[in-house]
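Morning, everyone. Let me put the structure up, and then we'll walk through some strands and the cores.

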Amino acid sequence: MENLHDKRKVYDKSQLLECEVKKNPIEQFRDWFMEAEEADAISEANAMAISTMEQDGCPRTRMVLLKSYTWEGFIFYTNYESRKGLAIKNNPKACLHFFWPPLERQIIIKADLEKLPANLNDGYFAQRPKGSQLGAKVSPQSKIIPNREFLENRLAELEQEYKEKEVPRPENWGGYLAKPYEMEFWQGRPNRLHDRIIYELTEDFDWKISRLAP
């Protein structure tokens, strides 16, 4: 057994104080996200973990890419018939998690999920590279398949079929809007006394800001 007890890191790059944070968590997210995008050590600032609750009562987490964010929330795309899509259908809530180690920061977002309208899905799908469009049609996401060749052969078939025409969006593929009702911003600090600022949406649709103990 490898002993990990002595693997420690000192967090001392920044701080997060109540007097400095934005009143709206989306604005605070925007500021941190822009810094993450500008950091050379972070290759995909929009990579996020998303956890959903499966029917056996156990949460399941996977990495996806954030494709957009607005004042309403955070947008990502997937196959609606995947394990993720079916879990969301049964329980339309999720926890999103961003972790940017070079900045010693993480953001945890609890959100309600709703499907995007078809016209927005069509618009985004049309902008994707053709290979990504075909990939969405090729893969029966989360289903058991016989081997790798199954995917490669199907891709070759579709490449010929759509060689000189547009690829239509699969009906079972589209986006979700994650509308946050709780957002926590975590900034690493020395001696494990990390800064944790949490925003909670009130019944009046205002954001209550509090500090959590590390």
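Start with strand 7 and strand 8. They run antiparallel, joined by 6 bridges. Strands here are DSSP runs of E, at least two residues, and helices are runs of H or I, at least four residues, both numbered from the N terminus. Two strands pair if DSSP finds at least two bridges between them. Across from Trp 186 you'll find Arg 196 in strand 8.

Quick word on the source. This is a predicted model, where local features need pLDDT of at least 70, side-chain atom pairs count only at pLDDT 80 or more, and totals for chains, interfaces and linings use all residues. Residues are numbered from 1 along each chain as its sequence is written, and side-chain values use heavy atoms, with hydrogens and water left out.

Next, strand 9, residues 207-211. It is antiparallel to strand 8, with 5 bridges. Ile 198 has Ser 210 in strand 9 as its bridge partner. The two strands make a hairpin with 5 residues between them. In that turn, Phe 205 has a positive phi of about 65 degrees.

Now the inside. A nonpolar core is a set of buried Ala, Val, Leu, Ile, Met, Phe, Trp, Tyr and Cys residues joined through side-chain atoms within 4.5 Å. Buried means under 20% relative accessible area, with a 1.4 Å probe and protein chains only. The largest core has 33 residues. Which touch the most other members? Phe 29, Phe 74, Trp 100 and Ile 107. Several elements give two or more residues, including strand 7 and strand 8. Helix 1 gives the largest share, 5 residues. A second, separate core has 13 residues, among them Tyr 77 and Trp 173.

Notes. Buried < 20%, exposed > 50% of the residue type's maximum accessible area, 1.4 Å probe, protein only.
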